[in-house]
Amino acid sequence: MYSAKMQIQYKEPENNTHLSPLIDRFGRQVDYIRLSITDRCDFRCVYCMAEDMTFLPRHEVLSLEECARLVRVFVALGVSKVRITGGEPLVRKNALWLFQEIGQLTGLKELVMTTNGSQLEQYAQALRDAGVKRINISLDSLNAERFRKITRVGELDKVLRGIAAAKAVGFDNIKLNTVLMRGTNDDEALPLLNFAIEQDIDISYIEEMPLGAVDHTRDSTYISNAATLKSLQSHYPLVSSAESSAENRTGPAEYWRVTGTQTRVGFISPHSHNFCESCNRVRITCKGELFLCLGQDDKVDLMPLLREFPDDDTPLINAIIASMQIKPQGHDFDLKRAEPAVIRFMSHTGG
Ligand code: SAM
Ligand code: SF4
């Protein structure tokens with residue numbers, strides 16, 4: 001068993017990969033966590049949330065100090081990349097404090113975040129100063145009216161100003177995340193890529209996943225990334241990027257470079273291409289649930305351990321290490337099923 005003392009030995013940033021105890025039954029090393037710091041959001045995207053959402057009461061949500069402690073423990077166990085997500089992370093009061101705390105952890109190589117961009121105009125500089133290296137900004141339409149329809153309440157202009165602010169402060173990388181839905185915004189794959197090229201940033205297209213019950217069936221809006229790639233290839237020469245090759249792959253995305261530009265195009269295709277075999281990540285919800293797979297229900301509740309043992313990380317460390325034994329081999333999303341594969345919304349698990 002690992003003791004709190006032993007965690008010190010995992011604080012070596014350069015040599016810790018082979019020592020990391022976070023290896024699952026399939027030999028996959030977990031070195032990446034996604035932490036959702038709130039289930040709340042200022043948008044209500046149609047693929048992510050129901051129109052009427054009930055959010056968690058405050059006491060059921062990890063405090064920012066608890067979030068910081070969790071990240072510190074994971075980093076001590078060999079995690080080198082942390083993504084802060086939500087809900088919308090920037091609607092959480094004092095979220096910046098957490099970024100500043102995490103940004104100082106030795107052993108952490110990459111602090112990154114996913115945001116809807118609505119608050120970026122205000123926070124971009126402070127996030128950069130806190131050590132956030134890369135940022136993913138969700139953008140599903142460049143048409144203000146359609147943008148509002150998809151987000152139900154969002155203002156496109158605010159997000160575009162957020163993207164401009166992010167560019168101005170010089171993140172190492174900015175990537176747009178786009179969920180295409182047949183009949184809603186599938187005609188915007190090309191305009192959004194054109195926008196990414198103009199802005200010198202990257203873009204990823206994400207196939208909609210059956211997470212949480214929303215107002216439409218995911219089958220009715222499904223558009224495969226293979227079809228999107230094909231349509232983009234008729235406008236741009238796309239060259240398969242080294243990041244996609246089997247030996248480099250640690251995530252679900254396949255990347256292509258747009259010849260003659262700085263832009264990379266990613267495809268996250270849980271339905272048409274399943275890359276679970278190289279999964280290197282786990283997710284922690286704002287309630288402290290450690291989900292071992294986005295598309296399965298296997299989890300460990302870390303909040304009781306955080307609250308029962310405020311001064312002793314040992315139970316937490318042991319639970320995290322033991323959780324590797326229940327990391328599933330992969331998701332089994334099936335769009336033909338009437339019910340969503342997983343009842344919880346993406347905003348709960350953290351995208
Ligand atoms: N609010 C932030 C945002 O929108 O970027 C962060 C959280 S959001 C849950 C993270 C990512 O998940 C977003 O890029 C969003 O488009 C994506 N997402 C949400 N629900 C999804 C679903 N059902 N299928 C695929 N992607 C989804
Ligand atoms: Fe909010 Fe992000 Fe979900 Fe949209 S995708 S509702 S912005 S959490």
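User: How far is the sulfur of Cys67 from the closest cysteine sulfur, and which residue holds that one?
Analyst: In this predicted model, the closest cysteine sulfur belongs to Cys286, and it lies 8.3 Å from the sulfur of Cys67.

User: Is Cys67 buried or exposed?
Analyst: Cys67 is buried, at 1% relative accessibility. Cys48 also counts as buried, at 15%, because the cut-off for buried is under 20%.

User: Switching to helices. At what angle do α3 and α5 cross?
Analyst: Roughly 20 degrees, and their axes come within 8 Å. Helix α3 covers residues 120-130 and helix α5 covers residues 156-169. The two are therefore roughly parallel to each other, since angles under 35 degrees count that way.

User: Is that crossing left-handed or right-handed?
Analyst: α3 passes α5 in a right-handed crossing.

User: Which residues meet there?
Analyst: From α3, Leu120, Glu121, Ala124, Gln125 and Arg128; from α5, Arg161, Gly162, Ala165, Ala166 and Val169. By type, this contact has five nonpolar, two polar and three charged residues.

User: What about α2 and α3, what is the angle there?
Analyst: About 25 degrees, with the axes 8 Å apart; α2 is residues 95-103. This pair is therefore roughly parallel too.

User: And which residues are in contact?
Analyst: Leu96, Phe99, Gln100 and Gly103 in α2 meet Tyr123, Ala126, Leu127 and Ala130 in α3. Six of the contact residues are nonpolar, two are polar and none is charged.

Key
Residues numbered from 1 in each chain as written. Chains lettered and ligands numbered in written order. Predicted model: local features only at pLDDT ≥ 70, side-chain atom pairs only at ≥ 80, totals over all residues. Heavy atoms only, no water. Buried < 20%, exposed > 50% of the residue type's maximum accessible area, 1.4 Å probe, protein only. Disulfide = S-S within 2.5 Å. Axes fitted to C-alpha atoms, helices over the stretch in contact; angles between N-to-C directions. Helix = DSSP H or I, 4+ residues; strand = E, 2+ residues; numbered from the N terminus. Parallel < 35°, antiparallel > 145°, perpendicular 65-115°, else oblique. Left-handed = near helix turned anticlockwise from the far one by under 90°. Contact = heavy atoms within 4.5 Å. Nonpolar A, V, L, I, M, F, W, Y, C, P; charged D, E, K, R; others polar.
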